[in-house]
Structures are given as C-alpha cells and as structure tokens.
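Open the model in a viewer and keep the selection tool at hand. The stops below run from the whole chain down to single residues.

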Amino acid sequence: MSEVRYAMRGLNALSDEQLREHQWRLLQNQIKYCLSNSKYYSKRFKELGIEVGDIKNLDDFMKLPALMGKEQERLAQIESMERYGHPFSTYLCAKPEEVAVTATTSGTTGDPTFTYTLTKQDLAHLNESVSLMLGHAGVLPGERVLFAHALGIYATSALLPPLRNSGVLPIDV
C-alpha cells in the first residue's frame with residue numbers, strides 16, 4: 001500500500017496525530033464562523049441544544065445529528081426569501097451582495113435550491129484547491145479532461161470555472 005500524500009505538501013510531514021489536530025483546528029474555526037455568520041446554523045444549534053463547548057474533538061462532532069437535510073434546506077431558502085428578499089438561504093455566511101457565483105440543483109420538487117453559493121474568496125480557495133488537485137494528479141495546463149460528473153450541470157457548474165482557471169479544458173459530457 002502506498003503512503004498517503006496530500007496536495008498541500010506541508011501536510012505530508014505531519015504525523016496522524018498532528019493531522020487530526022490540524023483538522024480539529026480547521027473544524028473549530030469553521031464552526032465558529034458558521035455560528036457567527038449564519039442565522040440557520042446559530043438557530044439549528046439552539047434547537048438541538050448544542051453549545052460550541054460541547055464539541056471537544058472530531059469524534060464529538062461526528063456524533064452530532066445531521067444539521068441539515070433537503071427539507072431544512074428548502075425551508076431555510078423560503079425563510080430567506082420571505083425575511084431577507086434573497087434566495088440564498090439563511091445558512092448563507094456572507095452578505096448576499098458578496099455572492100460571486102451560484103449554482104443550483106434542478107430540484108427534485110421542481111424548485112431549485114441554491115446549494116452552491118460562493119464568494120470571490122471562496123472561488124479563490126476553490127481555484128487553488130483544484131489547481132493543487134490537478135497538479136497532484138499530473139494534469140498540466142493546456143491538457144483536456146473528461147468531465148463526467150454524476151450530479152449534472154447544475155451542481156457541477158461551480159467546479160467548471162476553477163478547472164478552466166487552472167488552464168485545463170474540461171470536456172463536458
């Protein structure tokens with residue numbers, strides 16, 4: 001079996017314990033960010049009786065109940081339209097005017113949801129991540145990749161620009 005390698009090369013030098021600590025720090029920051037910036041998540045944590053201090057490690061996080069299902073996502077979008085006049089849902093962590101790209105699902109009910117909503121900062125991070133992923137796989141600028149994603153064009157339209165930004169031509173099927 002080959003050694004696990006990470007596209008972010010600095011992670012390759014970390015022990016398993018250090019990697020878990022790194023993941024835990026990232027998760028802590030993300031939880032705090034979501035609770036500070038999302039009406040949905042702060043409300044959901046209160047509904048479930050969860051305090052940030054209750055989550056002491058990755059295992060505690062993994063034991064949490066699902067924070068959102070498709071029905072909650074739809075209800076959060078309806079609430080967002082009614083209360084705030086935008087379709088990006090109450091789980092949005094940015095101001096609506098900061099949204100740079102959004103990709104919807106086609107909606108199994110016929111009503112699309114704005115599941116993939118990104119700011120310029122999100123796009124920059126996604127561009128960097130996709131470039132690292134492609135480089136790690138040996139895919140170089142100027143090459144073509146077959147883009148046959150099972151989610152369809154709605155969900156994947158947020159991933160196509162970073163592929164193109166990396167200098168790769170995705171061939172959509």
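**Setting up**

This is a predicted model, in which local features need pLDDT of at least 70 and side-chain atom pairs count only at pLDDT 80 or more, while totals for chains, interfaces and linings use all residues. Residues are numbered from 1 along each chain as its sequence is written, and side-chain values use heavy atoms, with hydrogens and water left out.

**Whole chain**

Show the C-alpha trace: along its principal axes it spans about 45 × 40 × 30 Å. Colour by secondary structure to see seven helices and four strands, in the order α-α-α-α-β-β-α-β-α-α-β along the sequence. Helices here are DSSP runs of H or I with at least four residues, strands are runs of E with at least two, and both are numbered from the N terminus. Of the 173 residues in the chain, 34% are buried (under 20% relative accessible area with a 1.4 Å probe and protein chains only; exposed is over 50%, partly exposed in between). Contacts (heavy atoms within 4.5 Å) between residues at least 6 apart in sequence join residues at least 24 apart in 52% of cases.

**Helices α1 and α2**

Select 16–37 for α1 and 39–48 for α2. The axes of α1 and α2 come within 5 Å and cross at roughly 100°. Axes are lines fitted to C-alpha atoms, for helices over the stretch in contact, and angles run from 0 to 180 degrees between N-to-C directions. Show side chains for Ile31, Cys34, Leu35 and Asn37 of α1 with Lys39, Tyr41, Ser42 and Phe45 of α2, which make the contact. By class, this contact has five nonpolar, two polar and one charged residues (nonpolar: Ala, Val, Leu, Ile, Met, Phe, Trp, Tyr, Cys and Pro; charged: Asp, Glu, Lys and Arg; polar: the others, Gly among them).

**Two cores**

Which residues have the most contacts inside the largest nonpolar core? Select Ile31, Tyr41, Phe45 and Ile55, in a core of 16 residues. A nonpolar core is a set of buried Ala, Val, Leu, Ile, Met, Phe, Trp, Tyr and Cys residues joined through side-chain atoms within 4.5 Å. The elements giving two or more residues to this core are α1 and α2, and α1 gives the most, with five. Centre on Tyr41: leaving aside neighbours within four places in sequence, this residue contacts Cys34, Leu35, Leu67, Met68 and Tyr91. Next, select Val130, Val145, Leu160 and Val168, which are among the eight residues of a second, separate core.

**Helices α2 and α4**

Lys39, Tyr40, Lys43 and Arg44 in α2 meet Gln72, Ala76, Glu79 and Tyr84 in α4. These contact residues divide into three nonpolar, one polar and four charged.

Finish in the loop between α4 and β1 (99–103), where Thr90 lies. Is Thr90 buried or exposed? Thr90 counts as buried because its relative accessibility is 5%. Beyond its neighbours within four places in sequence, Thr90 contacts Ser38, Lys39, Tyr40, Ala76, Glu79, Ser80 and Tyr84. Ser89, in that loop as well, has a phi near 85°, a positive value in a residue other than glycine. Most residues other than glycine have a negative phi. At 3% relative accessibility, Ser89 also counts as buried.
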